[in-house]
Amino acid sequence: MNESLLLGLLILLPGGLCAALGFGWLFGWKPTERPVTRLTTICYSLVLLVVAAMWWELLGNGKTQLSAVYGDWFHVGHYHFPLALWADFISLPLLTLSALLVFLVSVFSRRYIHRDVGFFRFFMLLNLFGAGILLFFAAGSFDLMIGGWEIVGITSVLLIAFFQHRDDPVLSALRVFATYRACDVGLLTGVVLMHIYVGTSEFTEILPNNIQQHTPLLGSAATITAFLLLLAAMGKAAQVPVSGWLPRAMEGPTPSSAIFYGALSVHAGAYLLLRAQPIIAASSFVSESIIVIGLLTALHATFVGRACPDAKNALAYASMAQLGIIFIEIGFGWQQLALWHIAGHALIRTLQFLRAPSMLHDHHRVHAAAGGHLGATGIYFESLLPQRAQHWLYRLALDRGHHDTFLDRFVVGPVLHLAGWMRRIEGKWVDYFGGNINGHHKPLATKAGVLTGQSSLLQNTESADV
Amino acid sequence: MTVERTNNQEPLQHLQHAIDHAAHFLPDQGPIGVFIHHNTLHAFQHLKFEDAVQQAARLFETEPFMTEAAFRKDFAAGRITPENLDVVLSREADAEILPGGVTRRKLRRAMLVPGLRAIAADNIEWLMDENGLLDFSRPDLDSATRNDLLAGKDERTAIRDLFAACFHRMPKSETVSPAMPQRPRDAVLAATGTDTDEIINTWLIRLCSTFLDQGQSYWPMPLREQGFYQSVCALMSQPGLLPPSLLSGLKNVFQRQQLKRMTSAEVVLDCLNKLDAPQVEWESLLTAELLSLPGWAGLMHKLEREPALVPHEPIPCSLMDFLAVRMTLTLVAFENVKTSGEISQWRQPILPAPVTEAEQMAEAARVFDVAQLLGLSAEKIQSLSRDEFNSFLAEINAFGDWERRRVWHLAYEHWHELEILRPLLTYRAEIDPRRSANRPAAQVIFCIDEREESVRRALEEIAPNVETLGAAGFFGVAVNYQGLDDAHGAAFCPVVVTPQHAIQERPSESDQHLSNQRQSRRKLWAQIAHNSFIGSRTLVRGWVGALGLGWLSVFPLVTRVLTPRQAGNLYARLGNLFLPSPNTELTLLRDDTASHEKSAENAEGLLLGFTIQEKADRVAGTLRAAGLIENHSRLVAIMGHGSTSLNNPHESAHDCGACGGRRGSPNARMFAAMANHPQVRERMSEQGMNIPVDTWFVGGYHDTCNDVVEFFDTSAIPATHADEFAKLAESLDRAREANALERARRFEAAYRDTTPKAALRHVEERAEHLAEPRPEYGHATNAVCVVGRRSLTRGLFMDRRAFLISYDPDRDPKLDSLAAILGAAGPVCAGINLEYYFSFVDNERYGCGTKLPHNVTGLVGVMNGQGSDLRTGLPWQMVEVHEPVRLLLIVENTPDNVMNAVRRSAMVTELVENRWIRLATMSPDGSLHVYRDGEFEPMTEIVPLPQTATSPDWFLGKLEHLPIARVAATAAHAS
C-alpha cells in the first residue's frame with residue numbers, strides 16, 4: 001500500500017473531522033450529540049485500521065520506516081518548511097497507542113459528558129487533540145513536531161478550563177498555559193538552532209541513518225540543542241522543577257484527565273527526547289542532566305504523592321513518578337525499555353483515571369473482603385526516619401515540595417510587581433498625551449432627555465437631543 | 001484567684017456557646033459512604049418555609065427559589081397558568097395603593113405577567129440605544145392600557161415624558177449606610193483587593209483532607225491522633241521551610257502557641273482578643289469564618305458529635321481545633337497584607353461605592369416600566385402627591401425579585417396540587433376503598449419509596465390478582481446486621497433509631513467449609529487488589545507493574561469501555577467461579593429465659609437476636625400498620641431495595657433511606673424468617689393477629705438501578721407453595737422489565753420506543769458503566785406521599801412520583817398506627833424531598849454542582865477538581881429532572897384525626913405547621929381537604945380523568961413528567 005496515503009490519512013481523518021465540526025459550528029450548525037459521537041467513533045475506527053495497515057506495511061515488507069513528503073509548506077530565503085511524515089518502530093507503537101486511547105476515551109465520554117452544556121466543545125477539543133497528538137508522533141521533522149506539540153498544549157489548557165463558570169479551573173489553566181509557554185521556548189529555539197547548525201530539522205538528515213552514522217550535530221552544538229529540547233520536554237512531562245502544574249490540571253473532566261495526564265500528553269515530552277536520542281547521546285552533559293532530573297522528579301513525586309488523600313492528585317503524582325523513571329531510562333539510552341514503559345504506563349493509568357470516580361465503591365468491596373483490616377500504610381520508609389524528620393518532610397509534602405510557593409514568591413510575584421509598575425507608568429503616559437478616554441462619554445441622563453430643559457413635559461418643548 | 005477564674009471561664013463558656021450557635025448553620029452531611037437525605041435547611045426549620053428560605057439565602061448567599069426566568073419558561077409552557085397566579089395572589093392581603101383603583105393585587109399581577117423587563121445599571125444604556133427603551137411603549141400592553149398610557153400624545157413623546165416624570169419623582173438617593181465587615185478578610189478585601197481566603201482556604205483544604213483521610217493516602221498525617229490543632233501546630237511550626245508570602249511568620253506564631261502550651265480554645269480566645277471583637281459579635285464573626293469553608297467545617301463538626309460515623313479510622317475531631325487553626329491563619333494573613341493597618345482596627349465600616357448615574361436611571365426605569373404596565377401616563381405620575389408616589393414606590397420595592405419568585409413558586413406548587421388532588425378525588429368517587437374479601441393470589445410488600453410505585457403498578461397490571469402494599473423498607477426490624485461478607489455490623493434502620501439487637505448471617509453447618517474457603521479466597525483477592533492499588537502508585541512497584549503488567553490493563557480497559565454490561569457479567573461470573581457460595585442462616589433466635597443476661601449480648605452491648613415476643617411484636621406491628629390484619633394470601637413476599645452503580649460516589653444516596661442509606665435485603669429476609677416461625681405465629685394469634693397456617697412469607701430484594709429481583713431462602717419454601725412462588729417470581733420478572741422500560745423513558749441515552757427486554761439491558765448497562773453519571777435518577781421524581789389504602793391509587797399512573805404508605809383508617813381507631821407512620825415516614829420523606837428541592841434551586845451552593853469534575857477525597861466526600869471545599873448536597877446529574885415542589889402529603893383520614901396524629905410528633909408538627917410539607921386529607925367518606933395556614937379547606941372539583949389501556953401506552957416516547965391517568969386493565973379489576 002502507499003506509504004504517503006497511509007500517513008496522510010492518519011492526520012487527515014481526525015484533522016478533517018475537527019475542521020468540519022469547527023466550521024460547521026462557526027456557520028451555525030448545532031448538532032445533537034449522536035452525529036458528533038458517531039462521526040468521532042467512525043473516524044477513530046478508521047484511524048485504527050490505518051495504523052494496522054501501517055504495521056502490515058512495515059512488518060510485511062521488512063521496512064524500518066515509512067515516510068512521505070508532501071512538498072513544502074512555504075519557502076523563505078534558504079528556509080523551507082517540508083511537510084514530511086514518518087513512522088518507525090519508535091513512533092508507530094505510540095501512534096497505535098494514541099489511536100486506541102483516543103478511540104476508547106471518545107466512547108467513554110459519549111456517556112460521561114452526555115447532556116453537559118459543553119458536550120460539543122469537549123468533542124471538538126478531543127478531536128483536535130487527536131489530530132495534534134497523531135501529527136506530533138508522525139511528524140517527519142522537528143519543525144512539524146512543533147505544530148502537533150502546540151495543538152496538544154492548547155487543547156490541554158482549554159480542557160483544564162472546561163468548567164469555565166468557576167474560577168479555580170480557569171486560574172489553573174492559566175498557570176498550565178504559562179508553564180507550557182515558558183518551556184515551549186526550548187523547543188522553538190532548539191529547532192531554530194538545528195537550522196542554524198545543520199540547515200534542516202528533517203529526521204532523514206539530522207538523525208543517523210543508512211547514509212550517516214552520527215547526527216551532524218556535534219560537540220557544543222549538540223549540547224545546546226539537546227538541552228533546549230530537554231527544557232521543552234520537562235514542561236510537558238511535568239519534571240522537577242516545573243512539575244507544579246500537573247496536579248492543577250486535574251480540574252478538567254475525568255476522561256480528559258485520563259488521556260492527557262495519564263496517557264498521551266505527558267508522554268509527549270518523553271517521545272521528544274526519544275526522537276532526539278542521537279543528539280542527546282552526543283552530549284554526556286545533557287544525558288546526565290536527564291538522569292538527574294528524572295531521579296529528582298521520581299523521588300519528589302513519590303514523596304508528595306504519598307501524602308495526597310484524594311483520588312486525582314494521587315494519580316497525578318503517581319504518573320509523575322513513572323515519568324521520572326522514563327526520563328532516567330532515556331538518559332541511559334535504553335530506548336526500547338522506555339518505549340515499553342510508556343505503553344504499559346499509559347494503559348494502566350488511563351484505566352485508573354477512568355475508574356477514579358468509582359473509588360469509593362471499589363474500596364468498600366476490598367475493605368469488606370479483607371475482613372475490615374487493610375494493613376496500615378506508610379510504615380515502611382517513614383518508620384526509618386526520626387519523628388522530627390518525618391514531620392518536617394510531611395510539611396514539605398503538604399506544600400508539594402514548595403514548587404509552587406517558590407515560583408510564586410520568586411518568579412510570579414516579582415513579574416506581577418513589575419507588570420503592575422509598568423501599567424501605572426503607562427497610565428501616566430497616556431494621561432499625559434491623550435487625556436482620559438472616559439472623559440468624552442456622554443452622560444446617560446442627557447441621552448435619556450431627563451435633564452431640565454429637555455423634556456417636553458417639563459418645558460413643553462420637543463426634546464432637543466435626537 | 002476566684003476573680004481570675006471567672007474572668008477566664010466566662011469568655012470560654014461564651015465562646016463555646018457562640019460556636020454551638022454558629023455550627024448550627026453548617027451542613028449536616030456525614031461521610032459520603034453512607035448518605036442520609038435530610039432537610040438542607042434543618043437549622044431554619046423553626047421558621048415558616050417561605051421566610052426560612054429567604055433568611056437562609058441571605059446568610060448563605062444562595063437562591064431561595066428557582067429563578068424568575070425559569071418560572072417564566074414554565075409559564076410559557078403552561079406549567080403555571082394565570083389562574084394559579086390569581087389564586088395565590090387572592091390569598092394575600094389586598095389594598096388600594098393609588099387613587100383610581102390601582103390595587104396591590106393588580107400591581108403584583110402585572111409585575112408577574114407580563115412582568116418587569118430586566119433593566120439594570122449595566123444594560124440600561126444598551127436598552128436605550130439598541131432596544132428603543134425610551135422610544136416605544138412596551139409591546140405587550142393591551143390597547144386600553146396603551147391608550148391610558150399615551151394619553152393622546154405621540155408614542156415617543158409620551159414615553160420620554162413618562163421616563164422623565166419617573167426620574168424626577170424619585171426621592172433623592174439616600175446615602176447608603178456603610179456595611180460593617182463580617183470578618184477580617186472582608187476588611188482586607190475592601191481595603192486592598194487582596195482576598196486572604198485564597199491562601200487560607202488552600203491550606204485548610206489540604207490540612208483538613210489529610211487529617212480526615214480514612215485510608216486513601218499512603219502516608220497518614222502525623223500526630224493526628226492528638227487532634228487537628230495539635231497536629232497542624234506541630235507540622236506548621238517546622239523550621240527551615242518556605243511559607244507562601246501571605247503566611248510568612250506563621251511558623252513563629254505556632255511555635256509561640258506551642259511554647260505556651262495553649263489549648264485550641266485559648267488560641268481562639270487569644271485571636272478574638274487581638275481582633276478586639278466584642279463578645280456580642282463573636283457568633284457572627286465565627287459564623288462567617290466557618291461559612292467560608294462550610295463543607296470541611298461541617299464534616300469536622302459532624303464527626304465531633306457523632307464519632308461513630310467515621311467509616312474506618314477514628315479521628316478526634318473538634319470544631320474548636322478547626323477554628324483555632326483558621327483564626328491563626330487569618331491573623332497571620334492579615335498582618336502580612338501591609339496596607340491593611342492595625343489588626344485591632346479591622347472593624348471599620350466599609351464605604352459602599354457611590355451610586356452611579358446608571359444605577360439611578362435603572363431605579364427610575366423600574367417605576368417607569370410598572371407605570372407602563374398599569375397604564376399610568378406621565379401626567380398621572382406628575383399629579384401624585386409626594387406621599388402617594390413614595391408609597392407607590394414602596395409597594396413596587398416590596399415586591400422585589402425574591403417576593404415575586406415566592407409568588408411564582410406558590411403558583412407553581414398550586415398547579416401541581418390541582419394536578420394531583422383533583423384526579424385522586426375523582427377516582428375516589430368511583431371506587432370502593434375497602435379491601436376485597438377475596439383472597440389474593442399473593443401479597444407483595446414493597447418499601448414506601450416512590451421508585452417502587454412503578455414496579456408495583458407493573459406487577460398489578462401483569463398479575464391483577466396480586467395485592468401490593470407499602471411499608472417503610474426496614475419493615476420494623478431495626479437491627480445491627482452483619483452479613484457473611486461484611487467486615488462489621490451496621491445499623492439497618494432509620495437514622496433516628498438506635499438498634500438494640502444484633503443479627504449475623506452465618507453459614508449453615510453443612511456449608512462451614514465452603515464459607516471458610518470463600519473468606520480465605522476473598523482475603524487473598526483483597527490482598528492482591530489492595531497491594532496492586534498501592535503498588536501502582538508507588539515508585540519501584542509502579543515501575544515493575546507498568547513494565548510487566550501494564551499492557552494487561554488493555555483487556556479491562558477495552559471491555560469495560562466498549563461493552564460495559566457484558567464485561568460486568570463476565571467479571572461477576574468469574575467471581576462466582578472463584579468464590580463458593582455457602583447456604584446461610586440468620587442468628588435470629590434468642591432464648592427467652594436468657595434474654596437479658598450478659599451472655600446474650602455482643603461486644604457492643606447489643607442483644608443477640610430477638611425473642612419470640614420481640615419477633616411477634618415486629619411482624620404484627622408492621623402488618624397491622626399496613627392494614628394487613630386479615631385475609632392474608634398463601635404467599636406473602638417482602639421486598640427490600642437498594643441500588644448498585646459505578647462512577648457514583650453518591651451511590652449510597654440511592655439505597656433505602658429507611659435502612660439508614662443501606663440496602664434493605666437483610667431486613668426483608670429477617671422479616672420473612674420471623675413471620676414463618678411457628679411459635680411467632682402462635683404468639684401473634686394469641687394477641688389477635690391471625691395469619692392462616694397456609695400463609696408463607698418469602699423475603700426478596702429489588703435493585704432500583706439494574707432492576708434485579710431476587711429472593712432469599714427459596715429452598716425453604718414448602719412444596720405446596722412452589723407453584724405459587726414460581727408464578728409470582730415469573731410475574732415479578734416481567735414486572736421488572738416493565739419497570740426498566742418505564743425508567744428508560746426518562747433517559748435521553750436510551751432509545752425511544754424500546755422493548756422491555758432492551759430496556760432491561762439498558763438499565764443493567766447503566767449500573768456497570770464506568771462513565772455513567774446517572775446510573776439512575778434516584779428520588780428525582782418525588783413530589784407526593786399518599787398514606788392510605790392502595791385502593792386510592794391502584795389503577796392510577798402516578799409516574800413514580802408518590803411515596804405510597806399502606807394504612808387503613810378503618811383499622812386504626814386510636815390513631816396509633818397513623819401517628820407511628822407519620823412520625824417515622826414524615827421526616828424521612830420530607831428530608832428526601834427538601835434535599836432535592838434545595839439541591840435543585842441552587843445546585844452550586846446547596847447541591848454539589850456537576851459531577852464531572854468530582855474527585856473522591858479521603859473516602860469521606862468529593863471535592864471539585866484538585867482541591868476545593870468538600871461538596872455537600874446532591875449533584876446536578878441526580879436532580880436535573882426534579883420539579884422543586886414541597887412534598888404533598890395526602891393522608892386517608894378525617895382532618896381532625898390527621899391533626900391529632902400529627903401533633904403526637906413535635907418534628908412532624910413543625911414540618912406541617914411551618915409548611916415544609918403540604919398536607920391534604922382524604923376522609924373515609926371520600927371528601928378531600930387541603931391544609932392552609934391552620935385551616936382545612938375543602939376541595940370538591942371533579943375533573944375528567946384521562947384513561948390509558950396500559951402504562952406503556954401512556955409514557956412511551958415521552959421524557960417529561962406526565963399527569964395521572966387511569967390504567968384501564970388494573971382499574972377495572974380494582975373496582
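Predicted model: local features only at pLDDT ≥ 70, side-chain atom pairs only at ≥ 80, totals over all residues.
Residues are numbered from 1 along each chain as its sequence is written, and chains are lettered from A and ligands numbered from 1 in the order in which they are written.

Let's start with the domains, whose bounds come from an automatic or database domain assignment.

| Chain | Domains | C-alpha centres |
|---|---|---|
| A | domain 1 (3–357), domain 2 (436–466) | domain 1 and domain 2: 60 Å apart |
| B | domain 1 (68–173 + 355–414), domain 2 (184–345), domain 3 (509–578) | domain 1 and domain 3: 66 Å apart |

Now for the sheet. Helices (H or I, at least four residues) and strands (E, at least two) are DSSP runs, numbered from the N terminus, and two strands pair if DSSP finds at least two bridges between them. In chain B, 6 strands line up as E15-E13-E18-E19-E20-E21, making an open sheet with mixed pairing. E15 (802–806) and E21 (935–939) of chain B each have a single partner strand, so one side of each has no neighbour in the sheet. From one strand to the next, the twist averages 20°.

Take a look at E13 (residues 784–788) and E18 (residues 887–891) of chain B: they pair in the parallel sense over 4 bridges. Here Cys785(B) sits opposite Leu889(B) in E18(B).

Finally, helix H20 (residues 401–430) of chain B lies across E13, E18, E19 (917–922), E20 (928–932) and E21 of chain B, at about 15° to E19(B). Contact here means C-beta atoms, placed from the backbone, within 7 Å; axes are lines fitted to C-alpha atoms, for helices over the stretch in contact, with angles from 0 to 180 degrees between N-to-C directions.

Terms used:
Contact = placed C-beta atoms within 7 Å.
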